Amino acid sequence: KRICWCGVSWGKDSVCVAHLVCLSKFAVPLYWIRTDRENPDCLLVRDEFLRSHDCDYHEIEQGDKDWPHWGCGIREVGIDRAIHGVRAAESWQRELSAAVHGEATERMCRPILRWKGCDVFAYLEQRGLPVHPAYAMSGGGRWHRDRIRVGTIGGERGRGIGRAEWETEFYGDVLARLRHRR
């Protein structure tokens, strides 16, 4: 019986957690909740990871929404506990949650919660795991790779720290297609 699931976005943190899940040999399925705003380069990371890792992998189409709600669709398969690649270093809200809840609660496990960005990139490098190409798109150092978000393109979520400008520079073609589709 499946007791939990692992959410992936194919960004740096979720690749680390997906790898840890695969190493565990427990029956934990990986789920990618896809939107119409997904970063097209996530497909490259997904395909490379799945070529070299035998895992129980699933995708759920969420459609045209700004941000996937991680529980959407999961209830349909009867799993209410989750493993996520959330790190406290990414925001003050996550720091607060880490202080209050720690790495695990009854319904959620965050195994890399205390890792720093350099720990994540070191883990990916040491294990030969795929790295999303967006992390090399730093604009000559204008954007710190720890702050680059790769799950979705466009929309209101995550507009801070120059994300809109970063997306326009590196994924302008995707943004244009999204605007044209509307």
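The model is predicted, so local features need pLDDT of at least 70 and side-chain atom pairs count only at pLDDT 80 or more, while totals for chains, interfaces and linings use all residues. Residues are numbered from 1 along each chain as its sequence is written, and side-chain values use heavy atoms, with hydrogens and water left out.

The chain holds five helices and five strands. Helices (H or I, at least four residues) and strands (E, at least two) are DSSP runs, numbered from the N terminus. Along the sequence, the pattern reads β-α-β-α-β-β-α-β-α-α. The chain has 182 residues, and 46% of them count as buried. Buried means under 20% relative accessible area, exposed means over 50%, and partly exposed lies in between (1.4 Å probe, protein chains only). Contact means heavy atoms within 4.5 Å. Among contacts between residues at least 6 apart in sequence, 71% join residues at least 24 apart.

Two packed helices are described by the angle between their axes and the distance between the axes. Helix α1 (residues 12–24) packs with helix α4 (residues 117–126) at an angle of about 55°. Their axes are 10 Å apart. Axes are lines fitted to C-alpha atoms, for helices over the stretch in contact, and angles run from 0 to 180 degrees between N-to-C directions. The angle makes α1 oblique to α4. Angles under 35 degrees count as roughly parallel, over 145 as roughly antiparallel, 65 to 115 as roughly perpendicular, and the rest as oblique. The crossing of α1 and α4 is left-handed. A crossing is left-handed if the near helix is turned anticlockwise from the far one by less than a right angle, and right-handed if clockwise. On the α1 side, the contact is made by Lys12, Asp13, Val15, Cys16, His19, Leu20 and Leu23. On the α4 side, Val120, Phe121, Tyr123 and Leu124 take part. By class, the contact has eight nonpolar, one polar and two charged residues. Here Ala, Val, Leu, Ile, Met, Phe, Trp, Tyr, Cys and Pro count as nonpolar, Asp, Glu, Lys and Arg as charged, and the others, Gly among them, as polar.

Side chains of opposite charge can pair when their charged atoms come close. A search of the whole structure finds 11 salt bridges. A salt bridge is a side-chain nitrogen of Lys or Arg within 4 Å of a carboxyl oxygen of Asp or Glu. One of them joins Asp13 and Lys12, with the closest N and O atoms 3.9 Å apart. Asp13 is buried, at 7% relative accessible area. Lys12 is buried too, at 3%. Another salt bridge links Glu38 to Arg34, and here the closest N and O atoms are 2.5 Å apart. Both Glu38 and Arg34 are buried. Arg46 and Glu59 also meet in a salt bridge, at 2.7 Å from N to O. Arg46 lies in helix α2 (residues 42–52) and Glu59 in strand β3 (residues 57–63), so the pair ties together parts that are 13 residues apart in sequence. Arg46 is buried, with a relative accessible area of 14%. Glu59 is partly exposed, at 29%. Salt bridges that share partners join Arg34, Glu38, Arg46, Asp47, Glu59 and Glu61 into one network.

Backbone angles come next. Most residues other than glycine have a negative phi. Trp10 is not a glycine, yet Trp10 has a positive phi of about 75°. Trp10 lies in the loop between β1 (5–7) and α1. At 0% relative accessibility, Trp10 is buried. Lys25, also not a glycine, has a positive phi of about 65°. Lys25 sits in the loop between α1 and β2 (30–35). Lys25 is exposed, with a relative accessible area of 73%.

Two further residues have contacts beyond their sequence neighbours. Met108 lies in strand β5 (residues 108–109) and is partly exposed, at 31% relative accessible area. Not counting residues up to four places away in sequence, Met108 touches Ala82, His84 and Glu103. Met108 and Asp80 are 28 residues apart in sequence, with their C-alpha atoms 8.8 Å apart. Trp166 is found in helix α5 (residues 163–181) and is buried, at 2%. Leaving aside neighbours within four places in sequence, Trp166 is in contact with Ala134, Met137, Trp143, Ile148, Arg149 and Tyr171. The C-alpha atoms of Trp166 and Met137 are separated by 8.4 Å, and the two residues are 29 apart along the chain.
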